[in-house]
Amino acid sequence: MASQADRPTPEQWATKIGVILAVAGSAVGLGNFLRFPGTAAASGAGAFMIPYFLSLLLLGIPICWVEWALGRRGGRFGLNSSPGIFSVLWKHPLSKYLGTLGLLIPVVIYMYYVYIESWCLAYAVGYASGAFEPFGTNPYAYQQHFARMTGSETNGLVFDDNGKVQAILFFFLGTFATNFLVIYRGLTRGIETFCKVAMPLLILAAIVVAVRVLTLPAQPIPEPWQRSLEAAIPAPEWERFRNDLDSATLEPDERGRSPVQRLVEDEFRRYFDALNRHEPGYDADVRMARPTGFLDSPDGYRVAVAELQSGGAGRAYREWIQFGQDDLDDDVKRELQKLERRQLKNDKQLAQARGEDLRADALASRDSLETRRRELLAGVPGGPMPLLTAELIRLGVALDRALEVQQRSAAIELSELQRTVFNGLGYMWNPDFEVLANSDVWLKAAGQVFFSLSVGFGIILNYASYLRRKDDVVLSGLTASATNEFCEVSLGGLVAIPATFVFLGTATTLSVLDTQSTFGLGFNTLPTVFANMPAGRWFAVAWFSLLFLAGITSSVSMLQPAIAFLEEGFGLRRRASVVGLGLITLLGAIPVVYFSKNSVVLATLDFWVGSFALFILATIEVLIFGWVLGIEEGFDEAHRGAQIRIPWIYRPIVKYVTPAFLLTVFVAWSWQNAPEEIAKVRSDRVVLATVAGIGIFFGFLLLLTRLASGEWKRKGLGDREVGP
Amino acid sequence: MNATGLVLMIASNAAIIGLVVYCFYRVFSIREPEKTEHAPLDIDTRDRD
């Protein structure tokens with residue numbers, strides 16, 4: 001057994017604020033600024049905050065304290081890696097193997113997280129260099145760019161795009177190297193120094209963007225494409241397009257798409273391709289309402305074609321909409337929006353759309369609206385307008401009963417609120433208390449808190465192990481959690497959704513909420529928002545830089561547990577452990593980058609490791625704290641050197657409520673998601689290979705843990721307390 | 001935004017910002033022991049014996 005003098009001086013945090021910012025940096029990530037606003041706004045908005053805060057108090061903060069206390073206890077015995085810490089906490093041969101999850105989770109999450117981080121860097125650099133200028137304000141240009149950059153439609157596109165590699169590969173390698181450079185410099189000179197600079201910068205950038213969004217003036221509602229596309233493309237092309245439209249039919253084919261709809265889609269594709277190629281005659285800055293919501297429905301196309309064929313006399317439709325917007329008060333508009341959102345959800349859940357009655361006041365307002373609409377349409381000149389009149393009357397009739405699939409999108413047009421920030425904040429905060437009866441919303445709130453605070457990763461466990469034996473963990477843990485919540489609720493909640501509404505309107509905002517796509521919101525929708533914003537390019541630089549910083553402060557924390565494991569378990573020096581881990585994570589990241597179609601490997605790793613395994617590790621930690629260590633000893637441990645005391649009520653909460661809550665959420669979440677994921681494993685060979693890869697890697701880590709435990713014994717680690 | 005939404009937004013942000021301010025106030029107002037306290041051997045009593 002090695003003597004005390006043989007042991008190297010253990011690494012420790014230099015300052016208290018350093019460790020707080022490092023843990024907060026680990027927790028603050030893309031989820032705070034993109035996932036939270038989308039999830040909250042789609043799940044009852046203000047009402048979502050009730051289960052959210054309850055989850056924070058019963059799940060998030062208690063588990064943070066548990067991890068901080070357990071990590072510091074492990075560190076006192078000279079062990080910094082999760083398997084080592086577990087072997088100290090629970091003297092059982094199996095404990096170190098359970099702790100191996102604390103290695104698997106951060107390392108595997110790093111393999112895909114670093115790639116997402118590189119997207120943020122690529123966007124920040126792209127905006128700074130002006131590379132996004134040609135895209136103008138058109139959302140399709142950003143969608144196309146993002147799809148091409150990430151290869152979301154074709155596997156391997158990042159490595160071979162017409163014989164060339166995509167630039168994103170270099171951003172990925174640069175981001176990868178930056179992470180390892182920070183980690184190579186060590187705990188204090190690397191992670192702590194970096195987080196002490198990056199976290200204030202990140203918060204400053206977020207405040208700048210939030211202030212910009214909150215001070216935006218009201219935006220005009222743009223003209224629909226049939227009135228604005230002419231100004232955006234060359235005259236000969238417009239003529240050809242008009243001729244094609246005149247000869248095309250509006251009747252939907254067997255796939256539900258009409259030739260007119262396809263012509264419009266093709267024209268938009270051609271337009272954005274031309275913008276990408278910087279062809280002359282194409283104007284990127286024409287503001288137009290693209291075919292979304294009602295405009296993308298068969299009735300919307302009928303109206304558009306009729307307007308074009310009437311030579312502009314079909315303005316009656318726009319006037320009708322304007323009348324509706326002036327006539328309906330905001331409460332009725334919100335009622336219509338709620339109906340729209342529910343029906344969108346019903347569409348997803350049911351094979352056949354199910355109608356739903358409007359509230360009486362909404363119906364009454366719509367009656368007067370319909371009367372006015374008929375008056376307006378009565379003055380429309382002849383020619384092709386009977387088609388328009390007939391179709392709109394059909395639409396009106398449809399509105400008089402429950403809304404149906406094709407007509408319901410008209411509600412979006414009618415409920416268009418004035419595009420102010422105040423109304424945009426309504427999407428984030430106007431409560432829909434009815435959703436609280438839905439267990440799914442409670443599950444989402446608990447999941448958001450859980451993932452956002454980075455509990456169950458094994459990272460806090462590792463970071464806390466570098467504390468001194470009498471360093472505070474209670475106030476530090478609470479401060480790190482509060483910082484994360486500030487970034488999430490107070491900054492993240494004020495930017496993405498209100499800005500999307502102000503510039504892109506109701507239809508796009510509802511569409512964003514319906515899909516709940518974090519990447520869609522972050523890399524397709526928000527770039528369009530910035531393009532519409534005065535000096536938006538520079539706010540976009542600030543926004544994507546802050547996302548990059550938020551990402552990198554998280555990803556470096558994912559590397560440290562494995563570095564600690566290699567150093568303490570195999571006696572490797574920093575350089576050797578950094579090189580070894582670099583090779584392993586690069587090997588794992590390559591399939592993530594290569595199998596880019598629908599981000600299949602990324603999504604699979606995120607489900608099985610980034611979500612499923614997290615629940616398991618967090619549950620084990622809470623059970624060890626409350627039941628193996630014992631709640632009294634656990635709280636004594638937490639209170640050693642504490643600068644504030646944990647309220648008494650948390651003793652029963654940590655022992656009973658938190659594990660029960662965690663298990664309930666875990667079972668419900670698995671019940672909801674696992675069947676679909678298991679089906680994917682059976683049907684998709686890439687998913688199967690990814691899951692097999694996770695299994696092999698976990699097996700490899702278990703083997704390493706077994707070997708490392710021999711080294712701990714040889715060094716005498718874990719037997720008695722060491723260090724300051 | 002309606003009145004209930006406004007109340008919820010203000011209450012949520014007040015709770016979070018209040019917690020952050022309290023935590024950082026406590027963190028910065030409590031001086032770390034090693035800077036203020038000295039072990040007996042660190043104290044020079046000027047005793048020559």
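At what angle do the axes of helix 2 (residues 30-42) of chain A and helix 20 (residues 439-452) of chain A cross, and within what distance do they come? In this predicted model, the two axes cross at roughly 175° and come within 11 Å. Because angles over 145 degrees count as roughly antiparallel, helix 2 of chain A and helix 20 of chain A are roughly antiparallel to each other. On the helix 2 side of chain A, the contact is made by A:Gly31, A:Asn32, A:Arg35, A:Phe36 and A:Thr39. These residues meet A:Lys444, A:Gly447, A:Gln448, A:Phe451 and A:Ser452 in helix 20 of chain A. By class, this contact has six polar, two nonpolar and two charged residues.

The contact between chain A and chain B involves 30 residues from chain A and 22 residues from chain B. About 2300 Å² is buried between the two chains, with 74% of this area on carbon and sulfur atoms. In chain A, the residues that lose the most area to chain B are A:Phe422, A:Trp429 and A:Gln643, which together account for 21% of what that side buries.

Across the interface of chain A and chain B, zero salt bridges are found, whereas five residue pairs are in polar contact, both residues at pLDDT 80 or more. On the side of chain A that touches chain B, at least two residues each are supplied by helix 1 (16-27), helix 3 (49-76), helix 19 (421-429) and helix 22 (474-515) of chain A. Helix 22 of chain A provides the largest share of that side, ten residues. By class, the side of chain A that touches chain B has 17 nonpolar, nine polar and four charged residues.

Terms used: Residues are numbered from 1 along each chain as its sequence is written. Chains are lettered from A and ligands numbered from 1 in the order in which they are written. This is a predicted model: local features need pLDDT of at least 70, side-chain atom pairs count only at pLDDT 80 or more; totals for chains, interfaces and linings use all residues. Side-chain values use heavy atoms; hydrogens and water are left out. Axes are lines fitted to C-alpha atoms, for helices over the stretch in contact, and angles run from 0 to 180 degrees between N-to-C directions. Helices (H or I, at least four residues) and strands (E, at least two) are DSSP runs, numbered from the N terminus. Angles under 35 degrees count as roughly parallel, over 145 as roughly antiparallel, 65 to 115 as roughly perpendicular and the rest as oblique. Contact means heavy atoms within 4.5 Å. Ala, Val, Leu, Ile, Met, Phe, Trp, Tyr, Cys and Pro count as nonpolar, Asp, Glu, Lys and Arg as charged, and the others, Gly among them, as polar. Buried area is the accessible area (1.4 Å probe) that two parts lose on being put together, summed over both. A salt bridge is a side-chain nitrogen of Lys or Arg within 4 Å of a carboxyl oxygen of Asp or Glu. A polar contact is a pair of N or O atoms within 3.5 Å; within protein, one must be able to donate a hydrogen and the other to accept it, and residues adjacent in sequence count only if both atoms are side-chain atoms.
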